[in-house]
Structure formats: C-alpha cells, structure tokens
Amino acid sequence: MSKNSSFSILNRASQLKRIKESRFDLIIIGGGVTGAGIALDAASRGMKVCLVEKKDFASGTSNKSTKLIHGGLRYLKQLEIGLVKESGRERAIVHSLAPHLVIPEKMLLPLTENGNYGALMTSIGLKVYDVLANVEGEDRRKMLNKKETLSKEPLLKEDSLTGGGYYSEYRTDDARLTIELLKTASNYGAEIINYCEMTDYIYSNKGKVKGIVCTDHNTSESFSIISKRVVSAAGPWVDILRKKDAPLNNKHLYLTKGVHLVFPKEKLPVKQSIYFDTPDGRMIFAIPRGRVTYIGTTDTTYKGSLERIVTTKEDVIYLLDAVNTTFKGINLQEKDIESSWAGLRPLIHEDDKSPSELSRKDEIFVSESGLISIAGGKLTGYRKMAQRVNEKVISTLKKEDREKWPRSSTRKISLTTPPLTSSNEVLMYENYIIERLKNIGFDFPLYAWHLVTTFGKQADTILDIVVKSNKVINNETLILAEFWYCLHHEQINSLTDFFVRRTGRLYFHIASVIAHKELLLKAFTEAIDWDKTRQQKEMASLDVLIKDATTFYTEEF
C-alpha cells in the first residue's frame, strides 16, 4: 500500500497538478459509497485511479439512508433471494472491516393482529434470513411471545400485540463509511477529489470515451483528465450523465424519496431498534442513536429538484401517525422534531410496480462509447457492486491488460488505520477514551462514544490535538480538534462538509451546529484564507441546510 499524502484541501494545488499530468486506468465520476467502493477495489488491485465528485463526498444518497447495513428482510417477501443472501453475508464482512462504524444491532419486529407479518411466516422468514446470511449462535433469530416482546420494548401498545421476532442487523454512519473507503483508496494511491465537477466527455477518433473535462469549483478552472476507462457512479444523476454520452435506452432510473425524523431520546425513549408495520403495508424503523432516536423511512415517487431534497408536511404527518399508532404514551408532534433528512433512491424503472415494490438490485449499463454506468443497489452491497463494476471494466480491456489485474481483495482490507478488529476491541477502546477524557478534565462518556463511533482509533489523534493546544478543555476546544483532524486528513472544503458528512452533527446534534458555526467559520478562514465573499457563501449554504433539516414544506422544490 503506497501512502498518498494528498487527502487534504491544503494539498489541493499539488493534487490537481498530478491529476492533469497523469494518465489513468480508471476515472470514477461520483463520490458516494458506490464510487468510493469502486475506487478502493480498483486501486487495491493496482489500477491507477482518479475519482471526482462535483460536491462533497457522500453529499447525495450516501448521506441520507436509514444508516443500516442490513440484509433487507422485506425483500424476502418479494422473493429477491439473491439480494437477501448477498446483503446478509456482506453485513458481517463490512462489520469486520470497520467494527466501530458497522455496529451489531438487535432488531425487534413486533407482531400484531391483522399486521403485515403473521407469526408463522415471520418465524419461517427470519429462519430463511439467518440461513441465507450465515447467521450463527446468539445472533440467530428468536420468536417471542407477547410478554417477552414487551420486556424488550415496554413502549409498544399492548392491545393488538401478539408477539415478536428478534433478529440481528447492523447500524452504521453511511457518510463516515464512505469517507473511510475514500481515505483507504487514497492510501492505495488513488487520486480522490471533491468539488470537481465533470462537465463533458472526451472521445477518441473512434468515438470511444477516453477521459472527461472537469471544473474545479474552488478556482472555476477547467481541465481534462485522460483514462483508459470511465465509470459513472453518480447515483440519482446517473441518467443525466448517460444522456451526455448517448440517448437513454429503455432502462432508466426511477427516483423515490425517503425521509427520516430525529427526536430527542426523552421524546421517543425506545430501548432498542424496532422494525414495525404501518396500516398501508409499509415498514418503518425506530432506531436509538446516542442522544436521539430517529424514525424512517417513507418511499414515494420523486420528480423534484436533485439539488435540494426536502421533508414535506405530508412526510411528517405520515411518519408521526405511524409512530403514534405503534407506541403508547408518546403522542409525538411536529414541534418535537429536532432534525430531519430527506434523500433519494436511484432505482431501476420497472413497469407496473409501485415505489416499494421496485427492486433494490444494482445494474450496470455499457454504452457504445464504452462509458460504464452503475445504478440501483443498496448501501450494504457497495463492496460486491464495486467488484462487479471493476470486473466489467477489466473485461473490456485488451487481453494483455486484462491479465494484469488480480482479483478483488477488499474482503480483507481494514477501513481505518490503525484498525479496530472486533466489537470487544471497540468497547475496550471506548472505555479507554472515556478515561483519557476524564484525565484531561472532560468527564462526558457520550462524547467518547461520539469520537469512537465517528473516528475509530483516530480519536487518539484528535485528543492529541486537544492536549497540545494547552487550552481549557471544553466543547469548543474539542470541536476545533475534530476540525483540525478533518482539515488535515479528510479533505473538508466547506462548513457543511464538517458539520454534515464528517461528524453527522446536523442530524444528530443540530444545536451544536448552531452554537459553533461562527467558531468553525473563523477556523476555516484562518486555515484556508477565505475572503468575505466565500465566508458569506459558506454561512448561507449551512443556514439553508439547517433550515431544511428543521422546516417542513408544503411541497417539494
């Protein structure tokens, strides 16, 4: 593994110079989890890789999921056995690669009279789920009676409850997973750059795509990147990029919107994650996470702006009704919502199917020019999707080039350095960070949890920054240390990068964003020498995101 020292905005000029002067094996358009997975898979095989993202990494779908690495129990109902099998087995693999980010989470599926799932079919379904996913030991499903179900979650309404299914899933932070994939790909020599927008393709005399034209949004400079192959992993923007190359065939995207609402823990104090049904036949998650509980998701056809996806009042009413129908003594209202997020699923269109019935399988498209596009898929399947894309890339090369590249090795590549290797090691490390915080005068276990589940063992580097600052230890000192770590190691290029994708604060601690945005604006300005215009632009962009997280609109943009 060759260490690439360029994963910082401070090295952007030298990185852009390298990109312009290089000839790549593979260009990837799109810095979500799919593109990140492709970059790591390709770079770890030895390919010379360049990934460009027009905004920040994980700024689209890969920051707006339910934040679960899960097998997709409901896909069994649609008989998507292959998808469930692959997703189920990938959960354990990705957990082993980043156990601080992909965390085992027991899931309770309440069974009710006239509900979507009966006891017998649930028992059979969860058993099949375990078999397909190779689940063993204590993680295997258990069927619970009514009393046992209520002991797991006393907040459930008792009147129609008949029992429950109890099974294993994994919780994650989708944006952090994407960032760690990109950092690891960079360590393997990949050139990874954000705020660099692909504006056109470059073609050979034979009409084959051989590169792209990009615009650096920091300088407005336009330049070319040359490569043997180009892959588009642009999520909801895939069809737009396909149309730049050639007219669409009968396969195209069908976008659906998913909304999640975040509540203070005391407003929805569930003891554990719950997967419950709604009167219209959909399923909703309620997931405790640190100081909050979040619920979701909706699944509605989307035809609005790709650049600004918002939560509507209709979305809020739907989710509040679902929660208030399921849990006793809650009576959540719009005013109780602390934050929210809305994102898009880039699914493949199928005639005569509703949004919830559409397959979550991925599909690869290859145009006559040689442009390779991937669409569909699930967060859980990013690693296998990356393998399939790169195998398609390799299959299109000349014989002597095909034989150069080894098989994928990402099953064994840890996603952080130094790595954490198991859930037990994560717990031990979190206890160590709790003690280290106490020793420097900050007795706050929840902050230790935040550091470890966000940064893994990189939390030590952040606390080293705090200690070396010789300042009074408080919330400001700590958030500035996180900022300096992200500035030097995680290519943050804006306020929103830090508050949304690197730390998740906009969704899970929005008060800290409002409290510290001026502090971070000053820190950015001192580090990167932003002028007044850039400072105003940054604050305006962040304020729009704060507004969208806390405002519920009458219609979509």
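Visitor: At the start of helix H15, which residue has a side-chain oxygen that reaches the backbone nitrogen of Glu476?

Guide: Look for a polar contact, meaning a pair of N or O atoms within 3.5 Å; within protein, one must be able to donate a hydrogen and the other to accept it, and residues adjacent in sequence count only if both atoms are side-chain atoms. Here the residue is Asn474, whose side-chain oxygen comes to within 3.1 Å of that nitrogen of Glu476. Bear in mind that this is a predicted model, in which local features need pLDDT of at least 70 and side-chain atom pairs count only at pLDDT 80 or more, while totals for chains, interfaces and linings use all residues. Residues are numbered from 1 along each chain as its sequence is written, and side-chain values use heavy atoms, with hydrogens and water left out.

Visitor: What should the 15 residues of H15 span?

Guide: Helices (H or I, at least four residues) and strands (E, at least two) are DSSP runs, numbered from the N terminus, and the expected span of a helix is 1.5 Å times one less than its number of residues. H15 covers residues 475–489 and should therefore span 21 Å, which agrees with the 21 Å between its end C-alpha atoms. Just after H15, Gln491 takes a positive phi of about 50 degrees.

Visitor: Which residues of H15 are buried?

Guide: Buried means under 20% relative accessible area, exposed over 50%, and partly exposed in between, with a 1.4 Å probe and protein chains only. In H15 the buried residues include Leu478, Ile479, Leu480, Phe483 and Leu487, and Glu482 is also among them.

Visitor: At what angle do H15 and H18 pack?

Guide: Axes are lines fitted to C-alpha atoms, for helices over the stretch in contact, and angles run from 0 to 180 degrees between N-to-C directions. The axes of H15 and H18 are 11 Å apart and the helices pack at about 40 degrees, which means that H15 is oblique to H18 (under 35 degrees is roughly parallel, over 145 roughly antiparallel, 65 to 115 roughly perpendicular and the rest oblique). Among the residues making the contact (heavy atoms within 4.5 Å) are Ile479, Leu480 and Phe483 of H15, together with His516, Leu520 and Phe524 of H18.

Visitor: How do the axes of H16 and H18 cross?

Guide: The axes of H16 (residues 495–502) and H18 (residues 510–528) come within 9 Å and cross at roughly 135 degrees, so H16 is oblique to H18. From H16, Leu495, Phe498 and Phe499 meet residues of H18 including His516, Leu520 and Phe524.

Visitor: Turning to a strand, is Arg345 buried or exposed?

Guide: Arg345, placed in strand E16 (residues 339–348), is buried, because its relative accessible area is 17%. A polar atom of the Arg345 side chain lies 3.4 Å from the backbone oxygen of Lys257, and, leaving aside neighbours within four places in sequence, Arg345 is in contact with Tyr254, Thr297 and Asp299, among others.

Visitor: Which residue does a cis peptide bond join to Thr297?

Guide: Gly296 is joined to Thr297 by that cis bond, with omega about 20 degrees, and Thr297 is found in the loop between strand E14 (292–296) and strand E15 (300–301). Another cis peptide bond joins Thr417 and Pro418, where omega is about -5 degrees.

Visitor: What is the phi of Lys67?

Guide: Phi of Lys67 is near 65 degrees, a positive value in a residue other than glycine. Lys67 lies in the loop between strand E2 (49–52) and strand E3 (68–69), and counts as buried because its relative accessibility is 1%.
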